[in-house]
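Hi,

Here's the structure I said I'd pass along. Have a look at it first, and then my notes on what turned up are below.

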Amino acid sequence: MQTMTRRQWLIRAGGAVLVPSLLSSCRPAARHVVGQVGMRLADAYTPLTRNDCVACDNCMPCPYGIDIPSNLIFVDKAVADGYMPGGLDEPDFAEKGKDFLIRYEAAMPDAAQSQHCISCGECLGTCPVDIKIPEQLQKLTGLTDVLRDLRCRQLL
């Protein structure tokens with residue numbers, strides 16, 4: 001089985017949710033104010049809310065190695081504990097975003113993170129609380145992509 005990153009798959013499939021220019025190459029010359037970057041990224045990011053995962057593991061194993069329950073529970077914990085960033089225009093977005101990304105990357109090994117989801121649908125219909133898992137993982141990926149882009153631009 002040939003493996004590829006989520007970004008490679010999106011480019012190959014031609015259905016990228018994020019415009020390739022949003023997927024930062026971390027060029028130091030690309031420094032902008034948060035407002036300018038926020039306007040450009042606004043369509044790629046939707047604030048996340050609790051999804052109430054019960055950690056039943058019915059959605060596991062993921063064929064792409066994503067730890068689905070851990071990702072969903074991480075979002076629930078971030079919302080409950082107050083370090084989930086809200087809208088891009090909120091004054092504490094950068095502070096909460098930095099905290100969120102540090103915690104996410106520390107808690108979740110890269111191979112288990114949401115960006116590896118290609119919405120194959122293997123997990124659909126398995127959730128007893130009817131979480132739309134691919135949709136939730138896409139939202140989480142949108143957030144982490146925005147935060148990583150801002151971090152690369154040294155705005156976080």
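Let me start with a definition: rings of Phe, Tyr and Trp (for Trp, the six-membered ring) pair if their centres lie within 6.5 Å, and a pair counts as stacked with planes under 30 degrees apart, as edge-to-face over 60, and as tilted for the rest. With that in hand, a search of the whole structure, which is a predicted model, finds four aromatic pairs.

One of them is Phe 74 with Phe 100, an edge-to-face pair at 5.3 Å centre to centre and 70 degrees between the planes. Phe 74 belongs to helix H3 and Phe 100 to helix H4 (residues 93-107), so this pair ties together parts that are 26 residues apart in sequence. Both Phe 74 and Phe 100 are buried.

Phe 100 also pairs with Tyr 104: the ring centres are 6.0 Å apart and the planes are at 5 degrees, so this one is stacked. These two residues both sit in helix H4, four residues apart, or about one turn of the helix. Tyr 104 is buried too, with a relative accessible area of 0%, and Phe 100 likewise has 0% relative accessibility.

Put together, Phe 74, Tyr 83, Phe 100 and Tyr 104 make up one aromatic cluster.

Where is Asn 71 found? It is in helix H3 (residues 68-81). Is Asn 71 buried or exposed? Buried counts as under 20% relative accessible area, and Asn 71 has 0% relative accessibility, so it counts as buried.

Its side chain has polar partners on the backbone. A polar atom of the Asn 71 side chain lies 2.8 Å from the backbone oxygen of Asp 67, and the backbone oxygen of Ala 112 is also 2.8 Å from a polar atom of that side chain. Leaving aside neighbours within four places in sequence, the contacts of Asn 71 include Tyr 104, Met 108, Ala 112 and Leu 137.

As for the overall picture, the protein chain has five helices and zero strands. Buried residues make up 40% of its 156 residues. Of the contacts with a separation of 6 or more, 71% are between residues 24 or more positions apart. The chain exposes about 8600 Å², with carbon and sulfur atoms supplying 54% of that.

Cheers

Notes: Residues are numbered from 1 along each chain as its sequence is written. This is a predicted model: local features need pLDDT of at least 70, side-chain atom pairs count only at pLDDT 80 or more; totals for chains, interfaces and linings use all residues. Side-chain values use heavy atoms; hydrogens and water are left out. Buried means under 20% relative accessible area, exposed over 50%, partly exposed in between (1.4 Å probe, protein chains only). A polar contact is a pair of N or O atoms within 3.5 Å; within protein, one must be able to donate a hydrogen and the other to accept it, and residues adjacent in sequence count only if both atoms are side-chain atoms. Contact means heavy atoms within 4.5 Å. Accessible areas come from the Shrake-Rupley method with a 1.4 Å probe; for residues, only the protein chains shown count as cover.
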